[in-house]
Amino acid sequence: MSILMIARAGHPVLQGRAAEVEDPGAPEIRRLVADMMETMEAAPGVGLAAPQVHVPIRLVVFRIPEGRGTGAEDDYPLGNSVMINPVIEPLGPDMALGWEGCLSLPGLRGAVPRWTRIRYSGVDCDGNRIVREVGGFHAVVIQHECDHLDGVLYPMRMLDMSTLGFVDEIERVMQEQAASQEGMSA
Ligand code: NI
């Protein structure tokens, strides 16, 4: 296995629609999945789409770590997973804003609207069909990764670009605000 180079925003491989995977069980696909999982863990990140490692095909890897979700029943954790030729469908009209970052936009973060509940389906490398209905953080990760397969980076979904900023700067400001609020109530 090896750690792959991650394409950054501006690279054309991140733009446009990625191609369907013809043979999900092909040895080169299994090798790519193993390398992408290793790359995701090393980054570290919770998801990676094949175009991000310069392979423009419809394949994503992801993981939903314990404790990252909202705690809702449909926002359950999941170990390293793969979805090939995934399809997403929203379950209901509700959307919510949440902070997102992307390994292709290192150091940045922004508030992005996403469907709160979705059904997603696809296949794994053994040809098993996977269908899940999920919400919360789990649903956000899937929507973010699948957007990469259509050339969409999260800032293209943002409604308020003033929330785009550097992670360390946003965290510094939040800490200062929390500290000043503590001061006010003391
Ligand atoms: Ni991303």
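1. Buried here means under 20% relative accessible area, exposed means over 50%, and partly exposed lies in between, using a 1.4 Å probe and protein chains only. Please keep in mind that this is a predicted model, in which local features need pLDDT of at least 70, side-chain atom pairs count only at pLDDT 80 or more, and totals for chains, interfaces and linings use all residues. Residues are numbered from 1 along each chain as its sequence is written, and side-chain values use heavy atoms, with hydrogens and water left out.

2. How many aromatic pairs does the structure hold? There is 1 aromatic pair. The ring centres of Phe62 and Tyr120 are 6.1 Å apart and their planes stand at 80°, so this pair is edge-to-face. For Phe, Tyr and Trp (its six-membered ring), rings pair if their centres lie within 6.5 Å; planes under 30 degrees apart count as stacked, over 60 as edge-to-face and the rest as tilted. Because Phe62 sits in strand β2 and Tyr120 in strand β6 (residues 117-123), the pair ties together parts that are 58 residues apart in sequence. Helices (H or I, at least four residues) and strands (E, at least two) are DSSP runs, numbered from the N terminus.

3. Now for the sheet that holds those strands. An open sheet of 5 strands runs in the order β1-β2-β3-β6-β7, with antiparallel pairing. At its edges stand β1 (47-49) and β7 (129-135), each with a single partner strand, so one side of each is left without a neighbour in the sheet. The twist averages 35° from one strand to the next. Two strands pair if DSSP finds at least two bridges between them; β2 and β3 pair in the antiparallel sense over 5 bridges. Within β3, Ile84 is the residue opposite Leu59.

4. Helices pack against this sheet. Helix α1 lies across β1, β2 and β3, at about 40° to β2. Helix α2 also packs on the sheet, touching β1, β2, β3, β6 and β7, and its direction makes about 160° with that of β2. Contact means heavy atoms within 4.5 Å. Axes are lines fitted to C-alpha atoms, for helices over the stretch in contact, and angles run from 0 to 180 degrees between N-to-C directions.

5. Which residues have the most contacts inside the largest nonpolar core? They are Ile29, Val33, Met36, Leu59, Val61 and Ile84, in a core of 18 residues. At least two residues of this core come from each of α1 (27-42), β2 (59-64) and β3 (78-90), and α1 gives the most, with 6 residues. A second, separate core has 17 residues, including Met83, Val134, Phe137 and Ala139. A nonpolar core is a set of buried Ala, Val, Leu, Ile, Met, Phe, Trp, Tyr and Cys residues joined through side-chain atoms within 4.5 Å.

6. There is another sheet to find: 3 strands form an open sheet in the order β4-β5-β8, with antiparallel pairing. Since β4 (95-100) and β8 (165-166) stand at the edges, each with a single partner strand, one side of each is left without a neighbour in the sheet. β4 pairs with strand β5 (residues 108-115) in the antiparallel sense over 6 bridges, and Leu97 stands opposite Pro113 in β5. Helix α2 (residues 136-148) lies across β4 and β5, running at about 105° to β5.

7. Which residues coordinate the nickel ion? The donors are Cys102 (SG), His144 (NE2) and His148 (NE2), at 2.1 to 2.3 Å. Donors are N, O and S atoms within 2.8 Å of the metal (3.2 Å for Na, K and Ca); water is not among the atoms, so sites may look incomplete. In sequence, the donor residues are spaced C-x41-H-x3-H. Both histidines, His144 and His148, lie in helix α2, 4 residues apart, about one turn of the helix. His144 and His148 are both buried.

8. Finally, some backbone details to look up. Most residues other than glycine have a negative phi, and most peptide bonds are trans. A cis peptide bond joins Ala43 and Pro44, with omega about -10°; Pro44 is in the loop between α1 and β1. His54, which is not a glycine, has a positive phi of about 70° and is found in the loop between β1 and β2. With 35% relative accessibility, His54 counts as partly exposed. Asn85, in strand β3, also has a positive phi, near 50°.
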